[in-house]
Amino acid sequence: MATHAPPVEFALPQVLTYPASTPPFLVAQGAEGRLYKTTHITSSRPCALKYRPSKSYRHPILDARLTKARIQAEAKVLDRCCREGVPVPAVYALDAGGGWLMMEWVDGVPVRQGINVWLGERPEDDAVPDAEVADETPLVDLMNRIGEAVGALHRTGVIHGDLTTSNMMLRPWAGGQSNGVSGEDGEKKKAVGGDVILIDFGLATQSVADEDRAVDLYVLERAFASTHPRAERLFTHVLEAYKQAYKKAPSVIHKLEDVRMRGRKKSMLG
């Protein structure tokens, strides 16, 4: 009879071992770190704490330097984005030496989940009835909001480094509005509604090179194609909104064509 392995227990970072009214909750475990949900100052203010534990395979001094540099770099990027009005979580506190960064908690679901709810059980073929295309306004609006968010990010001089629909959150609008539509259609519209918040800046860098911006867009385009192939044709709306949000977008889109060509050649050569 099959048995299930017990959940893995991790040692908490020191900041989460102090007495608190709200115990921390492990939300996600990645290769480089762990994400906890906890509270900041009061129990009514939820926050996210990103912790980079030490790596036993690295020399202790090198590991400490790398961890400190990465925490500081991520906090600096988030702070710059917040000041420039880019939709990202605000930084509450950090301890680079301790390996943690405390940020605003973003309510909602990943954009990936919202799009998948919208797509539902639609057929895999490329033939989409005209009536169905005419009803895709809420999804197109979401594509526009994604393009605007990425445009604002690049306008600030920040490259995300890992743009996917899993690294974007949909923060619900007040009242969970669905334009007055109830039933299944209302739930689908609510699934793709909300403000797009960019998250997970662990690989982010600061750059003003069009090449770097183009690679950022290419990563998003390929991630979108692999995760949401039935809606891949709508990615053009992301690029159109990007052009509206970032005045230097034409040169980036031109570079994107070059990046696409290199990607196709790499795929053919293996």
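Reply: Let us begin with contact, which means heavy atoms within 4.5 Å. The model before us is predicted. As a case, Asp 63 touches Ser 54, Lys 55 and Arg 58, when residues up to four places away in sequence are not counted. Asp 63 is found in helix 1.

Me: Is Asp 63 buried or exposed?

Reply: A residue counts as buried when its relative accessible area is under 20%. Asp 63 has a relative accessible area of 5%, so it is buried. Across the protein chain, buried residues make up 41% of the 270 residues.

Me: How many helices and strands does the protein chain have?

Reply: The protein chain has eight helices and ten strands. Contacts can also be read by separation along the chain. Among contacts between residues at least 6 apart in sequence, 66% join residues at least 24 apart.

Me: Which residues of helix 1 are buried?

Reply: An α-helix has 3.6 residues a turn, so residues three or four places apart point the same way. In helix 1, the buried residues are Asp 63, Thr 67, Ile 71, Glu 74, Ala 75, Val 77, Leu 78 and Cys 81. Their packing partners are several: strand 3 (46-51), strand 4 (91-95), strand 5 (100-104), helix 4 (137-155), strand 7 (158-159) and strand 10 (205-206).

Me: Where does a positive phi occur in a residue other than glycine?

Reply: Most residues other than glycine have a negative phi. Ile 41 has a positive phi near 70°, and Asp 200 has a positive phi near 60°. Ile 41 lies in the loop between strand 2 (34-39) and strand 3, and it is exposed, with a relative accessible area of 76%. Asp 200 lies in the loop between strand 9 (195-198) and strand 10. With a relative accessible area of 39%, Asp 200 is partly exposed.

Me: How does one describe the way helix 4 meets helix 7?

Reply: One reads the approach of the axes, the angle and the handedness. The axes of helix 4 and helix 7 (residues 235-245) come within 7 Å and cross at roughly 45°. Helix 4 is therefore oblique to helix 7. The crossing of the two is right-handed. Helix 4 contributes Val 140, Met 143, Asn 144, Ile 146, Gly 147, Glu 148, Val 150, Gly 151, Ala 152, His 154 and Arg 155 to the contact, and helix 7 contributes His 237, Val 238, Ala 241, Tyr 242 and Ala 245. The residues of this contact divide into nine nonpolar, five polar and two charged.

Me: At what angle do helix 6 and helix 7 cross?

Reply: The axes of helix 6 (residues 210-227) and helix 7 cross at roughly 155° and come within 11 Å. Helix 6 is therefore roughly antiparallel to helix 7. This crossing is right-handed. Here Arg 213, Leu 217, Leu 220, Glu 221 and Phe 224 of helix 6 meet Phe 235, Val 238, Leu 239 and Tyr 242 of helix 7. By class, the contact has seven nonpolar, no polar and two charged residues.

Me: What does Val 238 contact beyond its neighbours within four places in sequence?

Reply: Val 238, which is in helix 7, is in contact with Met 143, Ile 146, Gly 147 and Leu 220. Val 238 is buried, with a relative accessible area of 1%. The C-alpha atoms of Val 238 and Asn 144 are separated by 5.3 Å, although the two residues are 94 residues apart along the chain.

Conventions: Residues are numbered from 1 along each chain as its sequence is written. This is a predicted model: local features need pLDDT of at least 70, side-chain atom pairs count only at pLDDT 80 or more; totals for chains, interfaces and linings use all residues. Side-chain values use heavy atoms; hydrogens and water are left out. Buried means under 20% relative accessible area, exposed over 50%, partly exposed in between (1.4 Å probe, protein chains only). Helices (H or I, at least four residues) and strands (E, at least two) are DSSP runs, numbered from the N terminus. Axes are lines fitted to C-alpha atoms, for helices over the stretch in contact, and angles run from 0 to 180 degrees between N-to-C directions. Angles under 35 degrees count as roughly parallel, over 145 as roughly antiparallel, 65 to 115 as roughly perpendicular and the rest as oblique. A crossing is left-handed if the near helix is turned anticlockwise from the far one by less than a right angle, and right-handed if clockwise. Ala, Val, Leu, Ile, Met, Phe, Trp, Tyr, Cys and Pro count as nonpolar, Asp, Glu, Lys and Arg as charged, and the others, Gly among them, as polar.
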